[in-house]
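Please open the model in a viewer and keep the sequence panel beside it.

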Amino acid sequence: MINLTDYHLHLVVCPVDMRRGFRSLSALAGIALGVDVYDGHDCVIFVSKSRGVCKVIWCDDTGAMLLSRKLTHGRFARMLARAEDGSALCISADELKVFFSGQPIQWVPKSIV
């Protein structure tokens with residue numbers, strides 16, 4: 001069983017070409033989000049344009065990992081964010097489990113005060 005509870009989970013809002021591998025996705029995470037997955041603290045979730053496939057990348061003490069998930073029925077929930085919120089949402093490990101099942105997750109935007 002994969003345990004991502006100790007990682008900062010970043011769900012990328014913009015669709016990504018799923019032909020990309022770990023190196024290309026980690027470079028994209030660094031450029032677009034300022035996240036270095038090689039530090040072992042962050043996990044980034046990317047979703048295809050059709051929302052039928054998602055890829056998750058992260059690193060631990062022993063190496064880099066890429067998990068690919070394709071739903072047999074339905075699509076991954078579409079996540080929307082305002083431009084000032086950036087191109088990714090921070091989610092919890094429990095929300096990731098819900099997202100993996102194809103169900104929408106409840107996301108509350110930050111208050112702008």
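Select the hairpin of β2 and β3, which has five residues between its strands, and centre on arginine 51, whose phi is positive, near 65 degrees. Helices (H or I, at least four residues) and strands (E, at least two) are DSSP runs, numbered from the N terminus. The model is a predicted one, in which local features need pLDDT of at least 70 and side-chain atom pairs count only at pLDDT 80 or more, while totals for chains, interfaces and linings use all residues. Residues are numbered from 1 along each chain as its sequence is written, and side-chain values use heavy atoms, with hydrogens and water left out.

Next, display strand β2 (residues 42–47) together with strand β3 (residues 53–60); they pair in the antiparallel sense over five bridges. Two strands are taken as paired if DSSP finds at least two bridges between them. Isoleucine 45 stands opposite valine 56 in β3, and valine 47 stands opposite cysteine 54 in β3.

Colour β2 by accessibility: six of its six residues are buried. Buried means under 20% relative accessible area, exposed over 50%, and partly exposed in between (1.4 Å probe, protein chains only). In a regular strand the side chains alternate between the two faces of the sheet. In β2 both faces are covered, with Asp42, Val44 and Phe46 on one side and Cys43, Ile45 and Val47 on the other.

**Across to β1**

Histidine 10 has valine 44 of β2 as its bridge partner. Trace the chain from β1 through helix α1 (residues 22–33) to β2: this β-α-β crossover is right-handed. The term applies if, with the strands pointing away from the viewer, the path from the first strand over the helix to the second runs clockwise.

**The whole sheet**

Now show every strand. Five of them form an open sheet of mixed pairing, in the order β4-β3-β2-β1-β5. β4 (63–70) and β5 stand at the edges with a single partner strand each, so one side of each has no neighbour in the sheet. From one strand to the next, the twist averages 20 degrees. Helix α1 packs on the sheet and touches β1, β2, β3, β4 and β5; its direction makes about 85 degrees with that of β3. Contact means heavy atoms within 4.5 Å. Axes are lines fitted to C-alpha atoms, for helices over the stretch in contact, and angles run from 0 to 180 degrees between N-to-C directions.

Select β3 and β4, which run antiparallel and are joined by eight bridges. They form a hairpin with two residues between them, and leucine 67 in β4 is the bridge partner of valine 56. Six of the eight residues of β3 are buried, so the strand is largely enclosed by the rest of the structure. Glycine 63 lies in β4 and is partly exposed, at 27% relative accessible area. Its C-alpha atom is separated by 9.2 Å from that of glycine 40, 23 residues apart along the chain.

**The cores**

Which residues touch the most other members of the largest nonpolar core? Select Leu4, Leu9, Ile45, Ile91 and Phe99, out of a core of 19 residues. Such a core is a set of buried Ala, Val, Leu, Ile, Met, Phe, Trp, Tyr and Cys residues joined through side-chain atoms within 4.5 Å. β1, β2, β3, β5 (88–91) and α2 (93–100) each supply at least two of its residues, and the largest share, four residues, comes from α2. Leaving aside its neighbours within four places in sequence, leucine 4 is in contact with Leu9, Cys43, Val56, Trp58 and Leu96. Another core, of twelve residues, lies apart from this one and includes Val16, Met18, Phe46 and Ile57.

**The cysteines**

Finally, select the cysteine sulfur atoms. With a disulfide defined as a pair of them within 2.5 Å, the count comes to zero. Cysteine 59 is in no disulfide, and the nearest cysteine sulfur, that of cysteine 43, is 10.0 Å away. Cysteine 59 is buried at 4% relative accessibility, whereas cysteine 14 is partly exposed at 41%.
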